[in-house]
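Subject: Structure handover

Hello,

Here is the structure I said I would pass on. Please open it next to this message and follow along.

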Amino acid sequence: MMDTNAPSYPLYTAAQVRELDRLAIEGAGIPGYTLMTRAAEACWAVLRAQWPEARSLAVFCGAGNNGGDGFIIARLALEKHWPVQLYQLGDPERMQADAQRARAAFISAGGQLQSYTPQAPIMAEVIVDAMLGTGVDRPLEGAWRAAVDAINAATVPVLAVDIPTGLQSDSGTVAGAAIHAQQTVTFIGRKTGLYTGVAADYCGDISFADLGVSADILRQVPVAATLMRRPAPGALGMPRLRSAHKGHFGHVLVIGGDHGMTGAVRLAAEAALRSGAGRVTVATRPEHAALIAAACPELMCHGVSSAQQLRSLLPSASVLLIGPGL
């Protein structure tokens with residue numbers, strides 16, 4: 001598991017994580033089934049820690065590798081003598097070799113498969129969503145949509161494998177419906193869609209497992225973004241000399257505040273001051289400048305109505321913030 005107290009996390013698109021997966025298998029020599037097993041074991045560990053009193057499981061598996069993770073989770077539950085309901089959606093004939101192997105191991109362990117229908121009862125203390133993972137590229141329909149609706153209507157907690165089914169892994173958007181999970185366990189690289197859009201309403205608590213993929217592999221794929229969990233102040237957070245003055249700590253120029261949106265540019269400018277900037281100048285509409293200066297005299301406010309007026313403010317700025325209230 002990754003340190004959940006880290007100050008920042010790299011975020012990846014689904015395509016980038018697939019590339020990391022390929023590099024781990026082909027470059028580092030980690031078999032795909034080993035990665036799948038590690039993913040399932042990470043989910044099982046989180047499930048047991050999150051719901052220690054649970055003793056029964058309902059697992060919804062798709063036909064992709066996400067479903068393969070679900071089959072292994074179900075087998076781990078069987079090995080602990082838990083009652084397990086396993087519903088499979090999608091065409092089993094289209095499953096890749098690793099997922100087929102996980103499915104066969106579940107059956108060999110005494111597991112039974114059920115094809116999902118809207119009338120299927122969910123009788124378990126925890127539900128595992130291992131249906132589609134990052135493979136959502138269109139609104140859910142048919143049995144997929146019915147399963148999502150049934151899981152969301154159930155009164156038991158849900159653990160999502162990698163990403164809740166129906167949540168788009170790059171944008172964090174939902175087209176139609178998505179699983180509302182209480183816990184999500186994601187692997188190898190954190191997906192941007194877990195932290196953007198409406199993801200916060202669907203993912204619950206997020207755990208991360210690197211599956212033993214080394215930092216050398218991760219460095220081969222550029223990150224899509226970085227999630228900052230808390231500020232990284234750098235020089236602004238260092239102790240300051242008693243002889244220091246505001247000119248030592250940068251000059252932020254905030255440009256914004258259109259008609260009726262005075263507050264946005266003022267709040268942004270005040271945030272820059274509180275973050276440690278030495279000087280903060282606001283360039284806004286002339287009718288707003290006096291109002292902002294009266295409310296916060298620490299800000300240097302300039303009424304700007306032409307490009308030339310704005311241009312004269314630029315040379316002294318070390319940081320530009322453009323857009324609040326535009």
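**The sheet and its helices**

Ala-283 stands opposite His-302 in strand E13. This is a predicted model, in which local features need pLDDT of at least 70 and side-chain atom pairs count only at pLDDT 80 or more, while totals for chains, interfaces and linings use all residues. Residues are numbered from 1 along each chain as its sequence is written, and side-chain values use heavy atoms, leaving out hydrogens and water.

Strand E12 (residues 279-284) pairs with E13 in the parallel sense over four bridges. Helices (H or I, at least four residues) and strands (E, at least two) are DSSP runs numbered from the N terminus, and two strands pair if DSSP finds at least two bridges between them. Strands of a sheet pair through backbone hydrogen bonds, either parallel or antiparallel.

The open sheet has four strands in the order E13-E12-E11-E14, with parallel pairing. E13 (300-303) and E14 (319-322) are at the edges with a single partner strand each, so one side of each has no neighbour in the sheet. From one strand to the next, the twist averages 20°.

Helix H7 packs on this sheet and touches E11, E12 and E14; its direction makes about 170° with that of E12. Helix H8 (residues 286-295) lies across E12 and E13, running at about 165° to E13. Contact means heavy atoms within 4.5 Å. Axes are lines fitted to C-alpha atoms, for helices over the stretch in contact, and angles run from 0 to 180 degrees between N-to-C directions.

**Asp-258**

Where does Asp-258 lie? It is in the loop between strand E11 (251-255) and helix H7 (262-274). Not counting residues up to four places away in sequence, Asp-258 touches Arg-285, His-288, Gly-325 and Leu-326. Its C-alpha atom is separated by 8.6 Å from that of Pro-324, 66 residues apart along the chain.

**Helices H2 and H3**

H2 (residues 32-50) and H3 (residues 65-79) pack at an angle of about 55°, their axes 8 Å apart. H2 is therefore oblique to H3 (under 35 degrees is roughly parallel, over 145 roughly antiparallel, 65 to 115 roughly perpendicular, and the rest oblique). Among the residues making the contact are Tyr-33 and Trp-44 of H2 and Ile-72 and Leu-76 of H3.

Regards
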